Amino acid sequence: MVHKVKGAVVLSKNAPVTLETILVPEPGPGEALVDIITSGVCHTDLHYKQGGISDDFPFLLGHEATGVVSAVGPDVTNVVPGDRVVLNWRAVCGECRACAKGQPQYCFNTHNATQKMTLEDGTELTAALGIGAFIEKTLVAAGQCTKVDPDADAAAVGLLGCGVMAGLGAAINTGNIKRGDSVAVIGCGGVGVSAVAGAALAGATTIIAVDIDTKKLERAKHLGASHTIDSSTTDPVEAIRELTGGFGADVVIDAVGRPETYKQAFYARDLAGTVVLVGVPTPEMTLELPLLDVFGRGGSLKSSWYGDCLPSRDFPMLVDLYQKGKLDLDAFVTERITIDQVEEAFEKMHAGTVLRSVVEL
């Protein structure tokens with residue numbers, strides 16, 4: 001059986017997004033069919049639109065989603081029809097060398113659905129991050145489904161599927177922030193303010209938010225920043241040192257991903273401190289640092305991919321903290337929109353006027 005689903009957001013090359021009718025197969029072995037409830041408009045979707053991900057057009061956009069499992073294929077045991085799930089793009093294989101070492105959060109062989117969704121003329125679609133959630137019904141690998149409490153607000157918890165998890169995980173998992181640590185976060189977009197929230201959740205006492213946009217700095221204060229620095233008028237390295245006794249922060253998170261901000265992060269950390277890169281650089285960017293400084297300052301230089309998260313471990317725990325009022329996921333939902341407003345949401349995101357626009361289907 002094939003499901004004909006109308007009104008999916010499709011991106012063709014050198015064209016604006018359009019609403020199309022999509023053919024979605026019944027799930028095969030290891031696959032799940034999911035009725036989408038919400039999907040956040042993530043910066044990664046904008047990267048697809050700007051041609052920064054791949055050339056595998058056309059794309060079915062959307063990936064930061066919640067839904068209800070409507071059918072599963074053979075051999076699926078982790079979810080059943082009726083389960084409320086948050087979708088993720090890290091379906092671990094359980095067999096690669098990382099999984100064999102007990103580190104599935106670093107799985108080298110994550111997978112997606114085997115079957116392709118198509119346009120009515122048979123043109124195969126590339127699902128964004130293997131999900132494709134700007135549609136009422138999508139096909140994913142069952143391992144991309146993480147069961148969560150159905151009473152939690154879908155629009156809020158769905159953001160764990162990408163950007164919010166990337167920031168929280170950069171702080172908690174990659175940065176390994178501990179109680180009493182000092183932390184600086186450079187760049188306070190969606191991922192950066194999530195890192196601020198993660199630092200607060202981990203018990204950091206000095207949390208310094210850095211950005212050139214005062215509105216973003218205000219959001220960071222709401223989510224746990226104890227200090228803010230407007231780097232358009234102030235040298236952030238010197239300011240971070242002043243706020244940390246002249247030493248620098250224990251953990252500095254670069255949520256921008258540019259050589260300039262990475263150097264700021266590198267020199268704004270304390271000796272033996274940690275730098276975490278979670279902002280995504282573009283392919284042409286290069287970095288030059290004196291090797292003696294890399295050696296002499298000690299510590300750790302880390303990259304954080306999807307917040308080094310393990311969805312089966314992290315999503316339910318974070319949803320529980322949200323429901324207990326200890327993690328304000330609602331603060332990330334700027335607006336709730338319909339699927340025909342996605343193009344407008346991209347414009348707002350590019351202008352920096354929203355944290356997240358969330359499509360409700």
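This is a predicted model: local features need pLDDT of at least 70, side-chain atom pairs count only at pLDDT 80 or more; totals for chains, interfaces and linings use all residues.

I shall start with one residue. Asp 314 is buried, with a relative accessible area of 3%; buried means under 20% relative accessible area, exposed over 50%, and partly exposed in between, with a 1.4 Å probe and protein chains only. Residues are numbered from 1 along each chain as its sequence is written, and side-chain values use heavy atoms, with hydrogens and water left out.

Where does Asp 314 lie? The residue belongs to helix α10. Helices (H or I, at least four residues) and strands (E, at least two) are DSSP runs, numbered from the N terminus. The side chain of Asp 314 makes a polar contact with the side chain of Asn 173, at 3.3 Å. A polar contact is a pair of N or O atoms within 3.5 Å; within protein, one must be able to donate a hydrogen and the other to accept it, and residues adjacent in sequence count only if both atoms are side-chain atoms. With neighbours within four places in sequence left aside, Asp 314 is in contact with Met 165, Asn 173 and Cys 309, where contact means heavy atoms within 4.5 Å.

This brings me to the helix pair. Two packed helices are described by the angle between their axes and the distance between the axes. Helix α4, residues 163–174, packs against helix α10, residues 311–323, at an angle of about 100°, and their axes are 12 Å apart. Axes are lines fitted to C-alpha atoms, for helices over the stretch in contact, and angles run from 0 to 180 degrees between N-to-C directions. The two helices α4 and α10 are therefore roughly perpendicular to each other; angles of 65 to 115 degrees count as such, those under 35 as roughly parallel, those over 145 as roughly antiparallel, and the rest as oblique. From α4, the residues Met 165, Leu 168 and Asn 173 meet Arg 313, Asp 314, Phe 315 and Leu 318 of α10. By type, the residues of this contact of α4 with α10 divide into four nonpolar, one polar and two charged. Here Ala, Val, Leu, Ile, Met, Phe, Trp, Tyr, Cys and Pro count as nonpolar, Asp, Glu, Lys and Arg as charged, and the others, Gly among them, as polar.

I turn next to the sheets. Six strands form an open sheet with parallel pairing, in the order β13-β12-β11-β14-β15-β16. Two strands pair if DSSP finds at least two bridges between them. At the edges stand β13 (227–230) and β16 (300–303), each with a single partner strand, so one side of each is left without a neighbour in the sheet. From one strand to the next, the twist averages 15°.

Within this sheet, β11 and β12 pair in the parallel sense over five bridges, and Val 185 stands opposite Ala 209 in β12. Both faces of β11 are covered: Ser 182, Ala 184 and Ile 186 are buried on one side, and Val 183 and Val 185 on the other. In a regular strand the side chains alternate between the two faces of the sheet. Four bridges join β15, residues 269–277, to β16, again in parallel, with Thr 274 opposite Ser 300 in β16.

Which residues of helix α8 (residues 259–268) are buried? They are Thr 261, Tyr 262, Ala 265, Phe 266 and Ala 268. Their cover includes β11 (182–186), α7 (236–242), β14 (249–254), β15, α9 (291–297) and β16.

Two loop residues deserve mention. Cys 188, in the loop between β11 and α5, is buried, with a relative accessible area of 0%. Gly 203, in the loop between α5 (190–202) and β12 (206–211), counts as partly exposed at 24% relative accessibility. Gly 203 and Arg 179 are 24 residues apart in sequence, and their C-alpha atoms are 4.2 Å apart in space.

Finally, a second open sheet has five strands with mixed pairing, in the order β7-β2-β1-β4-β8. Its edge strands, β7 (118–119) and β8 (126–127), each pair on one side only. Strands β1 (residues 2–11) and β4 (residues 59–60) are antiparallel and share two bridges, and Val 10 has Leu 60 as its bridge partner in β4.
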